[in-house]
Structure formats: structure tokens, C-alpha cells
Amino acid sequence: MTTLILRLPEDVFIEIFEISDYRAILACQATCRSLSKIVTGSVSLQYKIELAACGMLDGPRNEHTAGMAERLRRLRLYDAAWRQLKWTAKTSFPHLADRFWPAIEAGGALVAHMPSNSAVDAPGPILQQIPSQLRGVEEHHMNAPMSVTSENLIDSSQDVFTSVGRASAESPSLFWHCRLRSWSTGQVHPLSRDVDPCAHMRLIVLIDMYGDFILEAGTHDQKVWDYVVWNWKTGSVETVQTRHTYCTCHFLDERRILMTNDSGFGALPPLRVITFRSTGSTSNDSTGGVELPSYSFQLPECINVEHMRSTISTTRQPALSRLGHFYRDPNDRLITISVSAPEVVSRSGQLCIDIPVQTFQSYIATHPPSDGHTDIVVPWNAWGPSSSRVSRAPALSDFSWIRGTFTAGLRKIIMRRSTDGSTTTMTVLDYHPRRVARALSRQRHGEDDGITILRGDDITAVGFEDLQTTLPCIAKTIPLPEELEAMLLSEGAILGVHLCDDGVLFVKHIGYGAWVTDLWAYTI
Amino acid sequence: MPTIVSVDDSTVPGEGSSRLLLLVSSDNKHIVVEEDIMSRSRFISKQVEGFEATSQRHAILLPFSSFVLNKVIEYCSHYRGYYLLEDDPDAAPPGRSPVREWDQEFLDVDRNMLLRIIKAAHYLEIKSLVGSCARAIADMIRGKTTEEMREILGVENDFTPEEEHSPSSKCTG
């Protein structure tokens, strides 16, 4: 007798699966032949599973965008291209030459400024969208109709351009002021209240932006710093954290910030997550005087955090029209920390600790504060070894010629030069848990993609047993294209490398911190 | 061959001018229901259009039990006169049907009943009810392992051992 469920019409199944998550779909697919046939036969379900497996989100759908079958085809090619590192021919951006050092923005966009000492009526910064064939995102650039200072943050999804400058050009005062403008009009952003809670400070630094929130640091004397989270749409201040030194600070999500001790000030915890809003509160709610929890995540005791440096991938989204057929989940981010450990690492003296940002959220979600304890210290062994990867940093000589952005989403690149200096390789590491799981499954079935699955480096020195980590990542190494290699050998060219969502961007500079002379990308 | 029964043009006292329909369930129960209650069903509406074209009204035979049919009629009676976007044949289908609290309570039934209702709703082409049932079933299977899923859905593992270990489901975690 056929069971009741199997007598349901196929489109009913598809309707059920379309509102189920991919795990439920896969579990159903594995129950029996009939259900397996339904799942494998449906383009929309296959696309849904593939999106989840590749860690991508579906882009906007309208009459101008590709249908489901085409998206599925492109997504599979996109995933394979990242696995095999099959780049397109290079794309050049000649209009960015003679600009200042570019900065990578979210979603494969970058910002290039005019040198700040150029003429007053110099053109504004350029927002450059790096194209992606497979995602269906075209090359596009636009000038901001304003000249701006050096500090800035862009959230294209909200058409916001945030910058810090003097209150007005005529103002003789040294007081600084954070302004939110519309990128497309250059005017004050229509949703902005144009009130900066740090405006009375002597010096302010713009740090990060997340939806409605801005994170700024301000100081009167450059010794004591106030870290202020405020809502730019309402003007309300969410939290102020005071530190006796300058830290690095990022939004973790819409409720938390992560402060890392990059200042060499030993008394500060290396990684501290501070909650600034309680669950479910709207931005207008005050927390009612309730102390919100903060978590200090410790690093291995044997590590010297004095020369700690950290970088994190960005979360901000590109504008709706630039999302393409599918796009990277903006919540997938990687923190990479370098610390000094001369006793362990002989060549560079540096260790790298790579941590997917989700690690912190899932630890906090599963370890709520117990009564009365809001300042929680999490020892390294309770979180680190299973959710991070410790490795030896490449030798300093490998880095001396290179600058840039080394993480995008959960991917990271490492550039290495052979000992004789004649060849350079690029390794792409990928920490995405589902992409890693799929790679492991492929390997078990004997498929060879030329990739390796890495876990932490084997660091066996006595007293450093804490440095053994188990978080897996995918690694694939390719040589640099010949034309690039030739350029590296030529004199005076400093190469900048920026990893972005769809490929790698190379920047040629003359001298450190100088103008760009050439800029091109290998994309997917 | 449907039984031709005479359904005269009488109206229900006090309920306006709604005509009556005779529905016959698979257990041969005859259920009389007002036409406009059932107008949410595309299947019934098409039948009624057919009656009007041929000026002949007959009983509508349905392939499910009176127990299930009554449940569907209860649903349709509750939403009598309400506009639900999913049931509008001229509207573009909404990406995701909304969660309706009443439906959640209404569908708080055992698994077999839920499967029977969704099947009936699909047959009768009541999109809003199919959507709500689909959501209830999706909630039921969320977070379950394959083995638990077989238990819930009442299906047998009919894969050969080789098939079971093939990498057809490459995505885990």
C-alpha cells in the first residue's frame, strides 16, 4: 500500500518544500525514491539547495533578470569557478588611474578618492562596481557629486555616504562632524537627522556602519576615547564605551559590537563583544537601565597580544540593482588576527588566527549570562580550538611588496613568493561551513578538485599545545598570471591586492601610499 | 457518470440569493452547501460556470470523505466574503502566503488529517488553504533527521544500499 503522503500531488510537495529550509528538503530527499525524484526533478528546489550549499542569497527577481533554471546554471558555474579559481580575462579600470589608494566596499565595489591635496573643485570619489559575468553584475561607476575628506563609509543599499569633516568649509574651528549624505544627490540624506553626538569632540574617527547604526570614536585629548553607537535616523545614542586607548571596533550585528585590542595595551581583553541593544527592542527603546551582557573571548595564554592586529570583512550590501542573480550572504564574515609569537614561529614571528564571525554569535546564543553576571570571560579552550584556525603567517619578506584587503566574506587570500623570488602564488582559503562540508563529501567520493582541506597548523612546541585548532577550511593555490609576475619583478611597482566577492583586484602603485597607476581585476 | 439530481433554484431563507450546491463525498454522504461559500474553490467555480452554460445543475462528486469535506467547508465558511489574495485567480501569486492565526489553530490536527486536508484543498483548488497546510507541514518537518522524517511521513526506505551512500546529497551541515 502506498502511504498517504506519497499520494499527494507533486506540486503540493514542491509548495511544502519551497517554504522549508534546505536541510529539511535534503532530509526528505533522502527518505525514499519517490520524494528523491520530486526534489531532484524540481529546478526551484535544486536552486534553493544550491544557494544554501554555496552560501549565497537569491537576488531580486523581475522581468529583466534571469529565470530560475538560468540562475541555477550560473550558480553551479560560479561555485565551480571559485573552487577551481578559473578567472575571466582581466578587466581594466583606466578611469581610476591617478586616484588615491582604493578601498574595497561591500558586494564587489570599491571607492577611489582624489588625492586630498588636489584642487578644491576636484571631482568627488568614484564608486566602482567590479563586474561579475556569472552573477550578471555589470561594470558600473559613478562619481559622488561632492568633494569629501578622507574618512568615509558607504552603504549603497541605503544610498548613504558618510564622511567626517569640519562642520563647514568656512569654519575655523577644529571641531569635526559626521555627515550622512545621499550618494546620488550629494545632499544631506533625507532620512538623516544630521546630529552627530560626537560633534563636540576634538577629533572623531568614523569606524563602522550597520543599517541604522553608526559607530564612531571621539576624543578630546587623544588619550581617552569614547566609542559611541548611535542611530543616524533618530539621533539616539545607544551606547558609549570609554577606553583609555584607541581600539579596533566593528559591528557584529544589529545588537552587538566587537572591540579588538589592537593597541598593544595589555590590560584590555583581546576580543570583547558588547551588547548595545536587548533582544526585540526597537531602536527607540532605551534598555531601561538593565545591564546588557558583554563577553571577553580570550586568546591562548602563550600568545603575546602586544602586537595584535585584526581585520574583518565588511557586511554592508550593494544597492538592490547591483545584487545580481545571487549574492554573498553579508553576514558571512571572517576576522583575521595576527599576533606576535617569536618563540613558536621562527621566520615571521607571527601567528594568524582566523575566526568566522558567526562563532561569536553562536557561542553567545548557547551561553546566555547566568543571573547577575553580565561581564563574562570565555577562556580560549571553551571556544577557540574548535571554531578558529591558527596558522603560521607567511614570512615578512613575502609581504613587503604587497598591501590590500585579504578577506571577503569567509574567504581569505595569502600571497607567497618562492624563496628565489621568481614565482608568486596565491592561495585562497574558504571557511564557509557548507562549502567545506561539500568539499569533504566530494573528497570522500574520490573527486579531485585540486583542493586541500586544511586544519590548523601543527604547532608542537612545548608549552604551545593550546595552539592546536580543528576548524577546517578549503585551500587552493594557483600561480599568479604571467603578466603580473613580470610586473612584480619590474622596479618601483608596488602591488596592492584586494580580494572581493567575485575575484581579485590588483593595483599598481608607484611608491608606498601613492597614486594608482594601473588597476585591473580577474573576476568570475 | 455523475448522478443527475435536481437542485432547484431555491434560496436559503434569510441568506440573500445564494444558490445551493450538492456535494457528494467518497463515503457517499450528501452535503448541501451555499454556492458562495464554496466560490473560494476554483474547481467548484468552474463546475458552476459549467452549470450555467448547460442550464443543468448536478451533484458534484468529490474523491474524499465527508469528514475531510466538512473540514474544508468549515474553512470556507470562516472566510466567506473575505478577500484572500492567494485565491484571486486574476492576481499575481504572492511570493509567500501570509501566516493566519486562525488557520494555525484550525490546522492543529493530526498528521494524517493534515495530509488529507491539503490533498482535498489541492483538488478543490483553494490556494490559500493549500498554502496554510503546506506551512503547517513544513513546520512539522523542520529540523528533523531523515529517519525522523520517514517516521513522520510514514514512508519506507526503498533505496538500495549503494544509492543510499551515493553523493546525490552533497550538501550537509
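Guide: Start with accessible area. Accessible areas come from the Shrake-Rupley method with a 1.4 Å probe. By that method, chain B of this predicted model has an accessible surface of about 9,700 Å². Carbon and sulfur atoms hold 51% of that surface.

Visitor: What elements does chain B have, and in what order do they run?

Guide: Chain B has eight helices and three strands. From the N terminus, the order is β-β-α-α-β-α-α-α-α-α-α. Contact means heavy atoms within 4.5 Å. Among contacts in chain B between residues at least 6 apart in sequence, 59% join residues at least 24 apart.

Visitor: Over to chain A. What makes the span of α5(A) close to the expected one?

Guide: The expected span is 1.5 Å times one less than the number of residues. Helix α5(A), residues 68-84, has 17 residues. The expected value is 24 Å, and the helix reaches 24 Å from its first C-alpha to its last. Hence the word "close".

Visitor: Which residues of α5(A) are buried?

Guide: They include R71(A), L72(A), R74(A), L75(A), Y78(A) and W82(A). Each of these falls under the 20% cut-off. An α-helix has 3.6 residues a turn, so residues three or four places apart point the same way. After α5(A) comes L85(A), with a positive phi near 55°.

Visitor: Why are β14(A) and β22(A) called edge strands?

Guide: Look at the sheet order first: β14-β15-β16-β17-β22, an open sheet of five strands with mixed pairing. β14(A) and β22(A) each have a single partner strand, so one side of each has no neighbour in the sheet. Neighbouring strands here are turned by 20° against each other on average, direction ignored.

Visitor: How do you know that β17(A) and β22(A) pair?

Guide: Pairing needs at least two bridges. β17(A) and β22(A) have four, and they run parallel. One of the partner pairs is S296(A) with V377(A). Elsewhere in the sheet, five bridges join β15(A) to β16(A), which run antiparallel. There, I257(A) stands opposite I274(A).

Visitor: Which face of β22(A) is covered?

Guide: The covered face holds I376(A) and V378(A). D375(A) and V377(A) are on the uncovered one. As for helices, α6(A) lies across β15, β16, β17 and β22 of chain A, at about 125° to β17(A).

Visitor: What covers the buried residues of α7(A)?

Guide: In α7(A), residues 380-387, the buried ones are W380(A), W383(A), G384(A), P385(A) and S387(A). Their cover includes β16, β17, β21, α6, β22 and β23 of chain A.

Visitor: What makes β10(A) and β13(A) edge strands?

Guide: They belong to an open sheet of four strands, β10-β11-β12-β13, with antiparallel pairing. β10(A) and β13(A) each pair on one side only. Neighbouring strands of this sheet are turned by 20° on average, direction ignored.

Visitor: How do you know that β12(A) and β13(A) pair?

Guide: Two bridges would be enough. β12(A) and β13(A) have six, in the antiparallel sense. V229(A) stands opposite T239(A) in β13(A). The bridge count meets the definition.

How values were computed
Residues numbered from 1 in each chain as written. Chains lettered and ligands numbered in written order. Predicted model: local features only at pLDDT ≥ 70, side-chain atom pairs only at ≥ 80, totals over all residues. Heavy atoms only, no water. Helix = DSSP H or I, 4+ residues; strand = E, 2+ residues; numbered from the N terminus. Buried < 20%, exposed > 50% of the residue type's maximum accessible area, 1.4 Å probe, protein only. Axes fitted to C-alpha atoms, helices over the stretch in contact; angles between N-to-C directions.
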